[in-house]
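Please open the model in a viewer and keep the selection tool at hand. The stops below are to be taken in order.

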Amino acid sequence: MSGAKKNIFNAAFLLLVLIITLYSVFHGENLSELLMYLKQGDFRYWILGAVFVVGFIESESLIIYYMMKVLGENVKLTHCFLYSFVGFFFSLITPSATGGQPAQLYFMKKDKLSLPTSTMVLLIVTITYKLVLVVLGLLVMILRPEPVWKLLKPIYGWCYLGIFLNVVCVFGMLILVFHPTLASRIVLFCVRLFDRMFKTDKEKKYGERLERAMEKYRNAAEFFYKNIRVIINVFLITCVQRFLLFAVTYLVYKSFMLNFTSAGVVITLQGMISVAVDMLPLPGGLGISEKLFKDIFVQVCTKKYTLPVMIVSRGLSFYVQLGISAVMTVVAYLRIGTKDK
């Protein structure tokens, strides 16, 4: 599929899912009553929630900057901020967040950063990003803390599916990072297969180029293999990053003066929703996130406040994140790779 056609498909798919989601959320609801409940929320908590969303995005910037510097790449922190906004924007609008990293690599290449090194760094970012969900999901499933486990009962199946898919994904990416020889063979096999399918007769040319690139990839992989402390630091920063986004739901919960459960329970429940939907082929988990939220949070928000809490928390964690990232993506197009950068 060409770039233009792919963009049109993604935009149409996002719009379709958005329309279906909005219909399912608001169908049969008393909108005037809903507006009345929304007005009862303390907007100061919402502002803090928006700050947490920006902090969530910029946490990835710090991770990228940290690893690039460790690998000796000449990168600007301000540009790392833009890489993160670009990544989250395209992740939110594409199924299974498949568009984020290719877009980031595009801008890193414009910044004249090593493509193999950039690929390795983003691969580790993705691994730790998903590993946090795997650890959270497994801890909840093994320890089954009360009252979290009881509240999760309506979505047990989704949680098990999400953990399974994330484990498979993390395992596959770990092989690529810590078994670079296998990664090299896979890439070169794909080049040969493409050459034979389309009769391009460029296997030797691209094979040599890819071999040189994979050598840099192997060097980066070897460095991280010998410097596990760097990976641990990245994992810890990612834990804070994930907490910032999950905590947005608790801030919204408190904005409506609800006190039926603790901060730890609310944050863990939101985390388990992310575990369940992270690998599903829906942009930003649209539709399914809202359904799962209503299924479990009605037990701690009451029927009256479940929808208002969901609207504001999803508004902050998805739509505000999308809007800010969209604006900053435009800035990235104007700034990165230009002479006046």
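Begin by selecting Tyr-333, which counts as partly exposed because its relative accessibility is 42%, a value between the limits of 20% and 50%. The model that contains this residue is a predicted one.

A search of the whole structure finds 14 aromatic pairs. Tyr-106 and Tyr-333 form a tilted aromatic pair, with 6.4 Å from centre to centre and 45° between the planes. Tyr-106 belongs to helix H5 and Tyr-333 to helix H13 (residues 288-335), so the pair ties together parts that lie 227 residues apart in sequence.

Now display helix H5 (residues 100-110) together with helix H6 (residues 115-143): the two pack at an angle of about 145°, and their axes are 10 Å apart. Their crossing is right-handed. On the H5 side, select Gln-101, Gln-104, Leu-105 and Met-108; on the H6 side, the contact includes Leu-115, Ser-118 and Thr-119. By class, this contact has five nonpolar residues, five polar residues and no charged ones.

Then select Tyr-129 and Arg-242: the charged end of Arg-242 sits over the ring of Tyr-129, 3.5 Å from the ring centre.

For a further group of rings, select Tyr-37, Trp-46, Phe-256 and Tyr-305, which ring pairs link into a cluster.

Is Val-53 buried or exposed? Its relative accessible area is 0%, so Val-53 is buried. Among the residues that Val-53 touches are Leu-245, Val-248 and Leu-316. Finally, select Phe-246: Val-53 and Phe-246 are 193 residues apart in sequence, and their C-alpha atoms are 9.5 Å apart in space.

Definitions and conventions:
Residues numbered from 1 in each chain as written. Predicted model: local features only at pLDDT ≥ 70, side-chain atom pairs only at ≥ 80, totals over all residues. Heavy atoms only, no water. Axes fitted to C-alpha atoms, helices over the stretch in contact; angles between N-to-C directions. Helix = DSSP H or I, 4+ residues; strand = E, 2+ residues; numbered from the N terminus. Left-handed = near helix turned anticlockwise from the far one by under 90°. Contact = heavy atoms within 4.5 Å. Nonpolar A, V, L, I, M, F, W, Y, C, P; charged D, E, K, R; others polar. Buried < 20%, exposed > 50% of the residue type's maximum accessible area, 1.4 Å probe, protein only. Phe/Tyr/Trp six-rings, centres within 6.5 Å; stacked < 30°, edge-to-face > 60°. Lys NZ or Arg CZ within 6 Å of the ring centre and 35° of its normal. Lists of a residue's contacts leave out its neighbours within four places in sequence.
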